[in-house]
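Please keep the sequence and the model in view while reading.

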Amino acid sequence: MARKPNVLLILADDMGFSDIGCYGSEIETPNIDRLAAGGVRFSQFYNTARCSPSRASMLTGLHPHQTGIGILTKDDRPHGYPGSLNHDCVTVAEILSAAGYATSLVGKWHLASNIRQANDAWPTRRGFDHFYGTLAGSCSYFQPASLTRGERNAEAEATDNSNYYYTDAITQEACAFVREKSQVHQPFFMYVAYTAPHWPLQATEKDIAKYRGRYDEGWDVLRERRMQRLRESGLLANAVDECERDPDEPAWEDAENKAWEASRMEVYAAQMHRMDQGVGDILATLEETSQLENTMVFFLSDNGACAEVLPLDGSAEAFKQRRPDLDRLKPRNGHDLRVGNEPAIVPGPEDTYASYGRAWANLSNTPFRLYKRWTHEGGISTPLIVHWPAGELDNGSIVRAPSQLTDVLPTILEATQVPYPENFKDRGIPKYEGCSLLSALRGDKPTDHPLFWEHTGNAAIRQGRWKLVREYPKPWELYDMDTDRAETKDLAAVSPRIVRELVVQWQAWADRVGVVPWEGVLEGYRAEGKNESEAAG
């Protein structure tokens, strides 16, 4: 009997559609590109626009609203979601563990509202035998808060190690797990959840130096170059004619503080580069242990590029007070932590806490509109690469059929020949919402099925060539994805019948999966005297 395949699920954090080399980037990602060259790329794969909902959907095959995590990990009851992975779903780790797989998570979890005390929403209690990583969302790369090993706080592993860098630690832990399982000949499922390239912009000086000067030409020139590579790759076919700059951002020639602006993207690229080196180390370990051939590898991102400008709402001091992990953080270079996006703060070192801003996020999302949190293409489009040498995939091909995160779990189950349970731990669970992509990976026509989104009132439905999308609280817009994936020509006014039909279909889905109307969430915050901006996290 053939040995069951290993499954390796690699997730980047806040990475844009065109941020890796094989999707058009100038950032050097040879190891991820190697996966693409020997595997299959998707040109229209979608996440759910935000980190926690995407992770919940990917691991369960359900829409995030069904899992208890409709926004992030705040408990917003009674007017919102509980913010923790509930018991009305089962994770792929739970299913595979019950089928004899060893299971591991290394990296970011971000699916539990309570990260101080072990509970049923922690990874160790949702199917992962081994866990090393962070329970919360963003954190310092040099001293990550909520760092946990198993169910024990492990922050001292970072604070006591002057050479600690979170991306490298994730890689090292993943490689150790691969070596361990190679000794016992047990198939494994490993979920590697890097925090790169999510803010804060922090990287080693060696990695930053590699990209010094790479961004001096600015975002306009680089966006056109990315677009040209995307055209040449065939990923976009004929679906995009133009690559427009975000109208709210200046042309590079009009930008102020160009040297500082370039430095922000240099650090972002350095973070991406270090993640790619980690992917290379994991692949090398699989090769050394003779496991690469029969390991099904996925690589994708949890949402589109992030346009957030730190310190978000309020002052740097207020931001630190809302984040006690930052207030406690003592950079080892002896400096005070500096939070914010201003030319006086050149990002990269441990004592800086900054993001790269909207204009560079626009580059990362080439050629799409909007960003993380929105359901326009810039918020939900992700590269997806699947590599499995023993899996009889149509290697080197591009799958153009639209698909989304709910399709990952059924694909893994079909590949491993593990059935989806009707019940789990004596409780009934809903059937997964997606469709397996295995036949598409092998060159066959995939199953056509509608795709749905909702996040903080932003919403969309994709049915064939048509996409209906709404930026809350604006009206619905309609786009023909076959000819206009950049969403430049709104056809809602000239195709009202299609709009009406898709709105009805979207609303039926929203009612079925338990979407909490965003107006209700906001009203709950108002009633409690809270700032509405807090509702969105």
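How many nonpolar, polar and charged residues does the lining of the second largest pocket have? By class, seven are nonpolar, two are polar and ten are charged; here Ala, Val, Leu, Ile, Met, Phe, Trp, Tyr, Cys and Pro count as nonpolar, Asp, Glu, Lys and Arg as charged, and the others, Gly among them, as polar. The model is predicted, so local features need pLDDT of at least 70 and side-chain atom pairs count only at pLDDT 80 or more, while totals for chains, interfaces and linings use all residues. Residues are numbered from 1 along each chain as its sequence is written, and side-chain values use heavy atoms, with hydrogens and water left out.

A pocket is an open set of points on a 1 Å grid over the protein atoms alone, where a 1.4 Å probe fits and protein lies on both sides within 12 Å along at least five of seven lines; lining residues have an atom within 4 Å of a point. The second largest pocket holds about 290 Å³ of space, a volume being the space filled by probe spheres set on the points, which are joined across faces, edges and corners. Nearest its centre lie R245, D246, P247, R369 and L370.

The largest pocket has a volume of about 1500 Å³. Its lining comprises 45 residues, and R50, L72, L312, A536 and G537 lie nearest the centre. Helix 10 (316-322), helix 11 (324-328) and helix 17 (518-527) each give two or more residues to this lining; helices (H or I, at least four residues) and strands (E, at least two) are DSSP runs, numbered from the N terminus.

The structure also holds 40 salt bridges, each a side-chain nitrogen of Lys or Arg within 4 Å of a carboxyl oxygen of Asp or Glu. In one of them, the closest N and O atoms of K210 and E28 are 3.2 Å apart. K210 belongs to helix 7 (residues 205-210) and E28 to the loop between strand 1 (6-12) and helix 1 (30-37), so the pair ties together parts that are 182 residues apart in sequence. K210 is partly exposed, at 34% relative accessibility (buried means under 20% relative accessible area, exposed over 50%, partly exposed in between, with a 1.4 Å probe and protein chains only).

Helix 7 also contains D207, which forms a salt bridge with R274 (2.9 Å, N to O). R274 lies in helix 9 (residues 258-288), 67 residues apart from D207. D207 is buried, at 3% relative accessibility.
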